[in-house]
Amino acid sequence: MAGPSAPVWSTLRSCLSGALIGFTVADRYASIITVRGPSMLPTFGIEPGDRALVERLCLDRYDFSRGDVVVFRSPKDHENLVVQRLIALPGDWIQVPELQEIRQIPQGHCWVEGEHDASISWDSRSFGSIPLGLMYGRVTHIVWPPNRIGRVERKMPEGRTMQQ
Amino acid sequence: MSGFFRRLAGTPWREIAGEAGSLAFLVAQVFCGVHVVNAHVCSFALVKGVSMLPALNLAGDVVAVDRVSARFGRVGTGDVVLLISPENPRKMVAKRVLGMEGDAVTYLVDPGNSESSKTVVVPEGHVWVQGDNIYASIDSRQFGPVPYGLITGKIFCRVIPFFINFVYSLV
(Lines give C-alpha, C1' and ligand atoms only; values in the text may rest on other atoms or scores of the structure.)
Protein backbone atom coordinates (compact mmCIF):
# COMPACT_ATOMS: atom_id res chain seq x y z
CA MET A 1 0.00 0.00 0.00
CA ALA A 2 1.48 3.32 -1.01
CA GLY A 3 0.65 6.85 0.01
CA PRO A 4 0.36 8.76 3.29
CA SER A 5 -2.03 6.25 4.90
CA ALA A 6 0.56 3.41 4.92
CA PRO A 7 2.26 4.17 8.28
CA VAL A 8 -1.14 4.81 9.90
CA TRP A 9 -2.41 1.49 8.60
CA SER A 10 0.63 -0.40 9.84
CA THR A 11 0.42 1.21 13.31
CA LEU A 12 -3.24 0.27 13.44
CA ARG A 13 -2.41 -3.31 12.52
CA SER A 14 0.29 -3.55 15.19
CA CYS A 15 -2.11 -2.17 17.79
CA LEU A 16 -4.73 -4.71 16.76
CA SER A 17 -2.31 -7.65 16.97
CA GLY A 18 -1.00 -6.40 20.30
CA ALA A 19 -4.55 -6.14 21.63
CA LEU A 20 -5.50 -9.62 20.42
CA ILE A 21 -2.40 -11.19 21.94
CA GLY A 22 -2.88 -9.20 25.15
CA PHE A 23 -6.50 -10.27 25.57
CA THR A 24 -5.65 -13.90 24.91
CA VAL A 25 -2.81 -13.95 27.41
CA ALA A 26 -4.96 -12.20 30.02
CA ASP A 27 -7.79 -14.68 29.48
CA ARG A 28 -5.84 -17.91 29.42
CA TYR A 29 -2.50 -17.49 31.16
CA ALA A 30 -2.03 -14.62 33.58
CA SER A 31 -3.31 -11.14 34.24
CA ILE A 32 -2.88 -8.35 36.76
CA ILE A 33 -5.62 -7.05 39.01
CA THR A 34 -5.86 -4.16 41.45
CA VAL A 35 -6.91 -5.10 44.95
CA ARG A 36 -9.58 -2.90 46.52
CA GLY A 37 -11.41 -3.21 49.81
CA PRO A 38 -10.38 -4.40 53.26
CA SER A 39 -11.30 -8.05 53.33
CA MET A 40 -7.80 -9.44 52.89
CA LEU A 41 -6.00 -7.27 55.45
CA PRO A 42 -3.70 -7.61 57.27
CA THR A 43 -2.51 -11.18 57.60
CA PHE A 44 -0.55 -11.55 54.44
CA GLY A 45 0.08 -7.93 53.79
CA ILE A 46 -2.11 -7.25 50.79
CA GLU A 47 -3.40 -3.72 50.95
CA PRO A 48 -5.88 -1.82 48.79
CA GLY A 49 -4.17 -0.43 45.74
CA ASP A 50 -1.73 -3.30 45.37
CA ARG A 51 -1.45 -5.00 42.04
CA ALA A 52 -1.43 -8.79 42.06
CA LEU A 53 -0.51 -11.31 39.40
CA VAL A 54 -3.37 -13.74 38.81
CA GLU A 55 -2.64 -17.00 37.04
CA ARG A 56 -5.50 -18.47 35.04
CA LEU A 57 -3.98 -21.78 33.97
CA CYS A 58 -5.59 -23.37 37.02
CA LEU A 59 -9.01 -22.89 35.38
CA ASP A 60 -8.21 -25.58 32.87
CA ARG A 61 -8.69 -28.37 35.38
CA TYR A 62 -9.95 -26.38 38.36
CA ASP A 63 -7.09 -27.75 40.44
CA PHE A 64 -7.10 -25.40 43.38
CA SER A 65 -5.52 -26.26 46.73
CA ARG A 66 -6.83 -25.44 50.17
CA GLY A 67 -5.22 -22.23 51.37
CA ASP A 68 -4.78 -20.62 47.93
CA VAL A 69 -5.62 -16.98 47.51
CA VAL A 70 -8.19 -16.92 44.73
CA VAL A 71 -10.04 -14.33 42.68
CA PHE A 72 -13.68 -15.00 41.84
CA ARG A 73 -16.80 -13.25 40.53
CA SER A 74 -18.99 -12.14 43.38
CA PRO A 75 -22.19 -14.22 43.60
CA LYS A 76 -24.12 -11.03 44.31
CA ASP A 77 -22.73 -8.97 41.47
CA HIS A 78 -21.15 -10.69 38.50
CA GLU A 79 -19.16 -7.62 37.49
CA ASN A 80 -17.15 -7.47 40.72
CA LEU A 81 -14.09 -9.60 41.33
CA VAL A 82 -13.37 -10.61 44.91
CA VAL A 83 -10.00 -11.70 46.31
CA GLN A 84 -10.17 -14.13 49.22
CA ARG A 85 -8.65 -17.33 50.50
CA LEU A 86 -10.04 -20.70 49.48
CA ILE A 87 -10.46 -22.73 52.65
CA ALA A 88 -12.30 -25.88 51.62
CA LEU A 89 -12.90 -27.95 48.49
CA PRO A 90 -15.91 -30.07 47.47
CA GLY A 91 -16.64 -32.85 49.93
CA ASP A 92 -14.82 -31.25 52.88
CA TRP A 93 -16.52 -30.60 56.18
CA ILE A 94 -16.10 -27.08 57.54
CA GLN A 95 -16.83 -25.68 60.95
CA VAL A 96 -18.65 -22.34 60.78
CA PRO A 97 -18.19 -20.75 64.22
CA GLU A 98 -20.56 -17.82 63.66
CA LEU A 99 -23.45 -20.14 62.96
CA GLN A 100 -22.16 -22.86 65.31
CA GLU A 101 -22.59 -25.63 62.80
CA ILE A 102 -20.58 -28.01 60.66
CA ARG A 103 -21.39 -28.12 56.96
CA GLN A 104 -20.30 -30.26 54.05
CA ILE A 105 -19.26 -28.42 50.90
CA PRO A 106 -21.46 -29.69 48.05
CA GLN A 107 -20.12 -31.09 44.79
CA GLY A 108 -18.66 -28.43 42.50
CA HIS A 109 -18.55 -25.75 45.24
CA CYS A 110 -15.91 -24.31 47.55
CA TRP A 111 -15.65 -22.21 50.71
CA VAL A 112 -13.86 -18.85 50.62
CA GLU A 113 -13.00 -16.56 53.49
CA GLY A 114 -11.45 -13.15 53.96
CA GLU A 115 -8.93 -12.60 56.71
CA HIS A 116 -11.15 -10.56 58.98
CA ASP A 117 -14.12 -11.92 60.85
CA ALA A 118 -17.49 -12.12 59.17
CA SER A 119 -18.65 -8.63 60.09
CA ILE A 120 -16.00 -7.03 57.86
CA SER A 121 -15.23 -9.65 55.25
CA TRP A 122 -18.17 -10.49 53.08
CA ASP A 123 -17.48 -14.13 52.29
CA SER A 124 -18.77 -17.70 52.59
CA ARG A 125 -19.60 -17.13 56.24
CA SER A 126 -22.30 -14.77 54.94
CA PHE A 127 -23.34 -16.22 51.57
CA GLY A 128 -22.40 -19.92 51.87
CA SER A 129 -20.28 -22.02 49.57
CA ILE A 130 -19.84 -20.74 46.01
CA PRO A 131 -19.70 -22.71 42.75
CA LEU A 132 -16.19 -23.29 41.45
CA GLY A 133 -17.44 -22.00 38.09
CA LEU A 134 -17.20 -18.47 39.51
CA MET A 135 -13.43 -18.73 39.90
CA TYR A 136 -11.41 -16.24 37.89
CA GLY A 137 -7.87 -17.28 38.88
CA ARG A 138 -5.30 -17.75 41.61
CA VAL A 139 -3.11 -14.97 43.01
CA THR A 140 0.54 -15.99 42.92
CA HIS A 141 2.53 -12.77 43.39
CA ILE A 142 2.20 -9.15 44.35
CA VAL A 143 3.82 -7.05 41.66
CA TRP A 144 3.29 -3.49 42.95
CA PRO A 145 4.29 -1.54 45.10
CA PRO A 146 7.96 -2.48 45.01
CA ASN A 147 8.37 -2.86 48.77
CA ARG A 148 5.79 -5.67 48.78
CA ILE A 149 6.83 -7.55 45.65
CA GLY A 150 6.88 -11.25 46.39
CA ARG A 151 5.11 -14.54 46.34
CA VAL A 152 1.73 -14.95 48.01
CA GLU A 153 1.83 -18.09 50.10
CA ARG A 154 -0.76 -20.73 50.71
CA LYS A 155 -1.97 -20.74 54.29
CA MET A 156 -4.66 -22.65 56.09
CA PRO A 157 -6.46 -21.59 59.27
CA GLU A 158 -6.02 -24.25 61.95
CA GLY A 159 -8.69 -26.75 62.83
CA ARG A 160 -11.52 -25.47 60.70
CA THR A 161 -11.84 -28.18 58.08
CA MET A 162 -11.86 -31.90 57.81
CA GLN A 163 -11.02 -33.36 54.45
CA GLN A 164 -12.93 -36.05 52.67
CA MET B 1 32.90 -34.19 3.48
CA SER B 2 34.13 -30.65 3.15
CA GLY B 3 31.59 -30.17 0.32
CA PHE B 4 28.77 -30.95 2.76
CA PHE B 5 30.00 -28.37 5.25
CA ARG B 6 30.40 -25.77 2.50
CA ARG B 7 26.77 -26.33 1.48
CA LEU B 8 25.71 -26.12 5.11
CA ALA B 9 27.48 -22.79 5.48
CA GLY B 10 25.92 -21.61 2.22
CA THR B 11 22.24 -22.09 3.16
CA PRO B 12 20.58 -18.80 4.07
CA TRP B 13 19.89 -19.58 7.76
CA ARG B 14 19.01 -16.03 8.68
CA GLU B 15 16.34 -15.77 6.01
CA ILE B 16 14.85 -19.13 6.94
CA ALA B 17 14.76 -18.16 10.59
CA GLY B 18 13.17 -14.85 9.66
CA GLU B 19 10.47 -16.51 7.62
CA ALA B 20 9.78 -19.12 10.29
CA GLY B 21 9.52 -16.34 12.85
CA SER B 22 7.01 -14.35 10.86
CA LEU B 23 4.97 -17.46 10.09
CA ALA B 24 4.89 -18.33 13.79
CA PHE B 25 3.81 -14.79 14.60
CA LEU B 26 1.02 -15.01 12.02
CA VAL B 27 -0.18 -18.30 13.48
CA ALA B 28 -0.12 -16.79 16.98
CA GLN B 29 -2.17 -13.84 15.78
CA VAL B 30 -4.77 -16.08 14.16
CA PHE B 31 -5.01 -18.20 17.30
CA CYS B 32 -5.45 -15.11 19.45
CA GLY B 33 -8.03 -13.68 17.05
CA VAL B 34 -10.05 -16.88 17.15
CA HIS B 35 -9.85 -16.99 20.93
CA VAL B 36 -10.99 -13.39 21.35
CA VAL B 37 -13.94 -13.84 19.01
CA ASN B 38 -14.97 -17.14 20.59
CA ALA B 39 -14.73 -15.93 24.12
CA HIS B 40 -16.03 -12.38 23.82
CA VAL B 41 -18.14 -11.96 20.72
CA CYS B 42 -19.86 -15.05 19.38
CA SER B 43 -19.12 -18.74 19.25
CA PHE B 44 -20.60 -22.05 18.23
CA ALA B 45 -21.50 -24.86 20.56
CA LEU B 46 -22.82 -28.36 20.18
CA VAL B 47 -25.62 -29.00 22.65
CA LYS B 48 -27.18 -32.36 23.20
CA GLY B 49 -29.32 -34.06 25.77
CA VAL B 50 -32.93 -34.41 26.80
CA SER B 51 -33.36 -31.51 29.18
CA MET B 52 -34.18 -28.86 26.59
CA LEU B 53 -36.61 -30.87 24.43
CA PRO B 54 -38.45 -29.88 22.30
CA ALA B 55 -36.51 -26.67 21.73
CA LEU B 56 -33.11 -28.32 21.36
CA ASN B 57 -32.61 -31.71 19.85
CA LEU B 58 -31.69 -34.80 21.84
CA ALA B 59 -28.91 -35.93 19.53
CA GLY B 60 -27.23 -32.58 19.07
CA ASP B 61 -27.68 -29.17 17.53
CA VAL B 62 -24.97 -26.72 16.67
CA VAL B 63 -26.04 -23.36 18.05
CA ALA B 64 -24.63 -19.86 17.96
CA VAL B 65 -23.84 -18.37 21.34
CA ASP B 66 -23.84 -14.62 21.92
CA ARG B 67 -21.20 -13.74 24.50
CA VAL B 68 -21.67 -9.97 24.52
CA SER B 69 -25.15 -9.87 26.06
CA ALA B 70 -24.20 -12.05 28.98
CA ARG B 71 -21.18 -9.89 29.80
CA PHE B 72 -23.28 -6.72 29.86
CA GLY B 73 -26.10 -8.18 31.90
CA ARG B 74 -28.63 -8.18 29.09
CA VAL B 75 -29.92 -11.68 29.73
CA GLY B 76 -33.60 -11.84 30.64
CA THR B 77 -36.44 -14.21 31.39
CA GLY B 78 -37.16 -16.59 28.52
CA ASP B 79 -33.62 -16.62 27.12
CA VAL B 80 -31.83 -19.90 26.60
CA VAL B 81 -28.36 -19.57 28.08
CA LEU B 82 -25.16 -21.56 28.25
CA LEU B 83 -23.81 -21.74 31.78
CA ILE B 84 -21.14 -23.51 33.82
CA SER B 85 -22.80 -26.27 35.79
CA PRO B 86 -22.81 -25.51 39.54
CA GLU B 87 -22.28 -29.22 40.19
CA ASN B 88 -19.21 -29.61 38.00
CA PRO B 89 -17.26 -26.58 36.79
CA ARG B 90 -15.85 -28.48 33.83
CA LYS B 91 -19.30 -29.04 32.34
CA MET B 92 -21.41 -26.53 30.42
CA VAL B 93 -25.17 -26.84 30.31
CA ALA B 94 -27.89 -25.13 28.30
CA LYS B 95 -31.04 -24.08 30.17
CA ARG B 96 -33.77 -21.45 29.95
CA VAL B 97 -33.86 -18.52 32.36
CA LEU B 98 -37.22 -18.45 34.13
CA GLY B 99 -36.53 -15.76 36.71
CA MET B 100 -34.08 -12.92 37.30
CA GLU B 101 -33.09 -11.49 40.68
CA GLY B 102 -36.09 -10.42 42.71
CA ASP B 103 -38.60 -12.48 40.71
CA ALA B 104 -40.84 -15.00 42.44
CA VAL B 105 -40.66 -18.32 40.61
CA THR B 106 -43.27 -21.06 41.05
CA TYR B 107 -42.32 -24.56 40.02
CA LEU B 108 -43.65 -28.07 40.28
CA VAL B 109 -41.69 -30.04 42.83
CA ASP B 110 -42.34 -33.46 41.30
CA PRO B 111 -44.00 -33.02 37.91
CA GLY B 112 -44.78 -36.64 37.01
CA ASN B 113 -46.16 -37.70 40.37
CA SER B 114 -47.79 -34.83 42.19
CA GLU B 115 -49.34 -31.42 41.71
CA SER B 116 -47.53 -29.69 44.57
CA SER B 117 -45.58 -26.58 43.73
CA LYS B 118 -43.25 -24.23 45.53
CA THR B 119 -42.59 -20.54 45.13
CA VAL B 120 -39.16 -19.10 45.64
CA VAL B 121 -37.80 -15.56 45.37
CA VAL B 122 -34.59 -15.37 43.39
CA PRO B 123 -31.84 -13.69 45.47
CA GLU B 124 -29.72 -10.74 44.34
CA GLY B 125 -27.25 -11.52 41.60
CA HIS B 126 -28.79 -14.93 40.86
CA VAL B 127 -31.03 -16.41 38.16
CA TRP B 128 -33.42 -19.34 38.11
CA VAL B 129 -32.80 -21.73 35.23
CA GLN B 130 -34.89 -24.68 34.12
CA GLY B 131 -34.79 -27.10 31.24
CA ASP B 132 -37.82 -27.01 28.95
CA ASN B 133 -38.32 -30.73 29.53
CA ILE B 134 -39.23 -30.57 33.22
CA TYR B 135 -39.56 -34.34 33.48
CA ALA B 136 -35.91 -34.97 32.62
CA SER B 137 -33.85 -32.00 33.58
CA ILE B 138 -31.49 -31.27 36.44
CA ASP B 139 -31.72 -27.54 36.99
CA SER B 140 -32.51 -24.90 39.60
CA ARG B 141 -35.23 -27.12 41.03
CA GLN B 142 -32.42 -29.36 42.27
CA PHE B 143 -29.42 -27.07 42.71
CA GLY B 144 -31.17 -23.80 43.50
CA PRO B 145 -30.79 -20.40 41.86
CA VAL B 146 -27.40 -19.94 40.23
CA PRO B 147 -25.19 -16.83 40.40
CA TYR B 148 -25.33 -14.75 37.23
CA GLY B 149 -21.54 -15.06 36.93
CA LEU B 150 -21.92 -18.68 35.81
CA ILE B 151 -23.68 -17.66 32.59
CA THR B 152 -21.23 -17.64 29.70
CA GLY B 153 -23.48 -16.82 26.77
CA LYS B 154 -26.97 -16.55 25.33
CA ILE B 155 -28.03 -19.05 22.69
CA PHE B 156 -29.79 -17.09 20.01
CA CYS B 157 -29.76 -19.18 16.87
CA ARG B 158 -29.63 -22.77 15.72
CA VAL B 159 -27.02 -23.13 13.03
CA ILE B 160 -27.14 -26.79 12.07
CA PRO B 161 -30.21 -28.74 13.11
CA PHE B 162 -29.79 -32.39 13.88
CA PHE B 163 -31.40 -33.57 10.66
CA ILE B 164 -28.63 -32.04 8.57
CA ASN B 165 -26.00 -33.47 10.95
CA PHE B 166 -27.53 -36.88 10.42
CA VAL B 167 -27.60 -36.56 6.64
CA TYR B 168 -23.97 -35.49 6.54
CA SER B 169 -22.94 -38.38 8.73
CA LEU B 170 -24.45 -40.81 6.20
CA VAL B 171 -22.47 -39.36 3.30
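The side chain of Ser43(B) makes a polar contact with the side chain of Arg67(B) at 3.0 Å in this predicted model. Ser43(B) belongs to strand β1 of chain B, residues 42–47. Its relative accessibility is 4%, so Ser43(B) counts as buried. Apart from neighbours within four places in sequence, the residues in contact with Ser43(B) are Asn38(B), Val63(B), Ala64(B), Val65(B) and Arg67(B).

**Interface of chains A and B**

The contact between the two chains involves 24 residues of chain B and 23 residues of chain A. Together the chains bury about 2000 Å², and 66% of this area is on carbon and sulfur atoms. On the side of chain B, the residues that lose the most area to chain A are His35(B), Pro89(B) and Arg90(B), which together account for 23% of what that side buries.

Polar contacts across the interface amount to 7 residue pairs, counting those with both residues at pLDDT 80 or more. Two elements of chain B, α2 (13–40) and α3 (68–71), each give two or more residues to the side that touches chain A. Of the elements, α2(B) gives the most, with 8 residues. By residue type, this side of chain B divides into 11 nonpolar, 9 polar and 4 charged residues.

Side chains of opposite charge can pair when their charged atoms come close. Over all chains the structure holds 14 salt bridges. One of them joins two chains, because Glu124(B) lies in the loop between β6 (117–121) and β7 of chain B and Lys76(A) in the loop between β3 and β4 (81–88) of chain A. Across the interface of chain B and chain A, the rule finds 1 salt bridge. In the pair of Glu124(B) and Lys76(A), the closest N and O atoms are 3.8 Å apart. Glu124(B) has a relative accessible area of 47% and is therefore partly exposed. Lys76(A), at 34% relative accessibility, also counts as partly exposed.

Within chain A, Glu113(A) and Arg125(A) form a salt bridge through their side chains, with an N to O distance of 3.9 Å. This pair links distant parts of the chain: Glu113(A) is in strand β7 (residues 109–113) and Arg125(A) in helix α2 (residues 124–127) of chain A, 12 residues apart. Glu113(A) counts as buried at 4% relative accessibility, and Arg125(A) counts as buried at 13%.

In chain B, the side chains of Arg141(B) and Asp139(B) meet in a salt bridge at 2.9 Å, N to O. Both Arg141(B) and Asp139(B) are buried. Chain A also has a network in which salt bridges with shared partners join Glu55(A), Asp68(A), Arg138(A) and Arg154(A).

The distances of the named pairs are listed here.

| Salt bridge | N to O distance |
|---|---|
| Glu124(B) and Lys76(A) | 3.8 Å |
| Glu113(A) and Arg125(A) | 3.9 Å |
| Arg141(B) and Asp139(B) | 2.9 Å |

**Aromatic pairs**

A pair of aromatic rings is described by the distance of the centres and the angle of the planes. The structure holds 3 aromatic pairs over all chains. In one of them, the ring centres of Tyr62(A) and Phe64(A) are 6.5 Å apart and the planes stand at 55°, so the pair is tilted. Tyr62(A) and Phe64(A) are both buried. Tyr107(B) and Trp128(B) also form a tilted aromatic pair, at 5.0 Å centre to centre and 35° between the planes. This pair links distant parts of chain B, with Tyr107(B) in strand β5 (residues 104–108) and Trp128(B) in strand β7 (residues 126–130), 21 residues apart. Both Tyr107(B) and Trp128(B) are buried.

**Backbone features**

Most residues other than glycine have a negative phi, and most peptide bonds are trans. Tyr62(A) has a positive phi of about 50° although it is not a glycine. Tyr62(A) lies in the loop between β2 (51–55) and β3 (69–73) of chain A. The relative accessible area of Tyr62(A) is 16%, so this residue is buried.

In chain A, Trp144(A) and Pro145(A) are joined by a cis peptide bond with omega of about 5°. Pro145(A) is in the loop between β9 (135–144) and β10 (150–151) of chain A. In chain B, a cis peptide bond joins Leu53(B) and Pro54(B), with omega of about -5°. Pro54(B) is placed in the loop between β1 and β2 (61–66) of chain B.

Key. Residues numbered from 1 in each chain as written. Chains lettered and ligands numbered in written order. Predicted model: local features only at pLDDT ≥ 70, side-chain atom pairs only at ≥ 80, totals over all residues. Heavy atoms only, no water. Contact = heavy atoms within 4.5 Å. Buried area = accessible area lost by both parts, 1.4 Å probe. Salt bridge = Lys/Arg side-chain N within 4 Å of Asp/Glu carboxyl O. Polar contact = N/O pair within 3.5 Å; in protein donor to acceptor, adjacent residues only side chain to side chain. Helix = DSSP H or I, 4+ residues; strand = E, 2+ residues; numbered from the N terminus. Nonpolar A, V, L, I, M, F, W, Y, C, P; charged D, E, K, R; others polar. Phe/Tyr/Trp six-rings, centres within 6.5 Å; stacked < 30°, edge-to-face > 60°. Buried < 20%, exposed > 50% of the residue type's maximum accessible area, 1.4 Å probe, protein only.
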